Amino acid sequence: MGLRILFFGGCAERLGRKSLDVPLGAPVRVSELVSTLTELRPLRGGLGGVQIAINLEYAGADAEVRDGDEVAFLPPYSGG
Amino acid sequence: MGTKSLSCPPTAAVEVLTALPLRLEAALEAVRGPESGSVVSMLGTVRDSEEGEAILAIHYEAYEPMAERVIRSVVAEAEHRWGVRAMAVHRLGRVPAGETAVLAAAAGVHREETFAACRFVIDEVKARAPIWKARFEEAL
């Protein structure tokens with residue numbers, strides 16, 4: 001199944017894409033996923049105050065990401 | 001137009017994200033009922049300038065399934081807390097200057113709780129719903 005990662009706002013612009021599908025073996029923590037992603041060149045400056053959601057629910061740095069999950073990187077909102 | 005129903009549709013049936021222009025009258029009809037002594041609405045409108053730049057339109061994007069869930073949860077919280085009927089809807093895609101980007105409404109027996117509920121809904125939708133101004137279209 002793998003992991004589906006969604007990007008919005010500035011993250012999507014810097015990456016030049018709105019989603020990324022990656023294979024995942026054992027579960028990883030959100031903090032580990034963030035560290036891995038910020039090694040990608042376009043995201044090296046950090047993620048700029050993003051919140052993370054796993055399967056539509058807010059998740060903290062210690063939350064576990066499992067195979068089949070949808071993880072979203074949500075920059076500060078600006079609706080309305 | 002058909003005959004107007006006296007009973008309100010269930011809140012779950014009311015759309016919370018749409019690409020179409022927002023209609024105030026439809027929003028008011030969704031919340032008002034025979035017991036509504038007061039109806040309050042709040043329209044967030046796209047301004048024609050932002051920080052000195054003339055704006056033609058703003059493009060909005062959302063993490064739609066989560067935004068929908070958050071907006072429904074905010075509305076349910078307001079209804080529970082103030083004993084009113086409430087709704088909120090946010091427009092996505094291109095919204096021209098002068099048109100409404102977000103609309104909140106509440107209907108209650110008295111105005112105090114209705115104002116409070118409507119204020120809560122618009123504030124919390126703006127703070128908690130994953131929606132972004134994706135792009136400003138500037139006038140040349």
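Biologist: Among contacts in chain A between residues at least 6 apart in sequence, how many join residues at least 24 apart?

Modeller: That share is 56%, with contact meaning heavy atoms within 4.5 Å. Before we go on, this is a predicted model, so local features need pLDDT of at least 70 and side-chain atom pairs count only at pLDDT 80 or more, while totals for chains, interfaces and linings use all residues. As for bookkeeping, residues are numbered from 1 along each chain as its sequence is written, chains are lettered from A and ligands numbered from 1 in the order in which they are written, and side-chain values use heavy atoms, with hydrogens and water left out.

Biologist: Fine. Which elements does chain A have, and in what order do they run?

Modeller: Chain A has two helices and seven strands, running β-α-β-β-α-β-β-β-β from the N terminus on. Those are DSSP runs numbered from the N terminus: helices are H or I with at least four residues, strands are E with at least two.

Biologist: What radius of gyration does chain A have?

Modeller: Chain A has 12 Å, which agrees with the value near 12 Å for a compact globule of 80 residues. The radius is taken over C-alpha atoms, and the globule rule is 2.2 Å times the number of residues to the power 0.38. Along its principal axes, the C-alpha trace of chain A spans about 35 × 30 × 20 Å.

Biologist: And how much of chain A is buried?

Modeller: 44% of its 80 residues. Buried means under 20% relative accessible area, exposed over 50%, and partly exposed in between, with a 1.4 Å probe and protein chains only.

Biologist: Switching to the interface: what area is buried between chain A and chain B?

Modeller: About 1,500 Å², with carbon and sulfur atoms giving 56% of that. Buried area here is the accessible area (1.4 Å probe) that two parts lose on being put together, summed over both. In chain A, the residues losing the most area to chain B are A:Leu56, A:Tyr77 and A:Gly80, together 43% of what that side buries.

Biologist: How many residues does the contact take from each chain?

Modeller: 19 from chain A and 18 from chain B.

Biologist: What's the count of salt bridges between chain A and chain B?

Modeller: Two. A salt bridge is a side-chain nitrogen of Lys or Arg within 4 Å of a carboxyl oxygen of Asp or Glu. The structure holds 13 of them over all chains.

Biologist: Where does the A:Glu57 to B:Arg69 pair sit?

Modeller: It crosses between chains, from strand β5 (residues 57-59) of chain A to helix α2 (residues 64-82) of chain B. The salt bridge there is 2.6 Å, N to O. A:Glu57 is partly exposed at 46% relative accessible area, and B:Arg69 is also partly exposed, at 39%.

Biologist: What about B:Arg47, buried or exposed?

Modeller: Exposed, at 53% relative accessibility. Its side chain meets that of B:Glu50 in a salt bridge of 3.1 Å, N to O, and B:Glu50 is partly exposed at 24%.

Biologist: Which residues are linked in a network of salt bridges?

Modeller: B:Glu25, B:Glu29 and B:Arg32 are linked that way.

Biologist: Last one: how does A:Glu64 meet A:Arg66?

Modeller: Through a side-chain salt bridge, 2.9 Å from N to O. A:Glu64 is partly exposed at 35%, and A:Arg66 is partly exposed at 45%.
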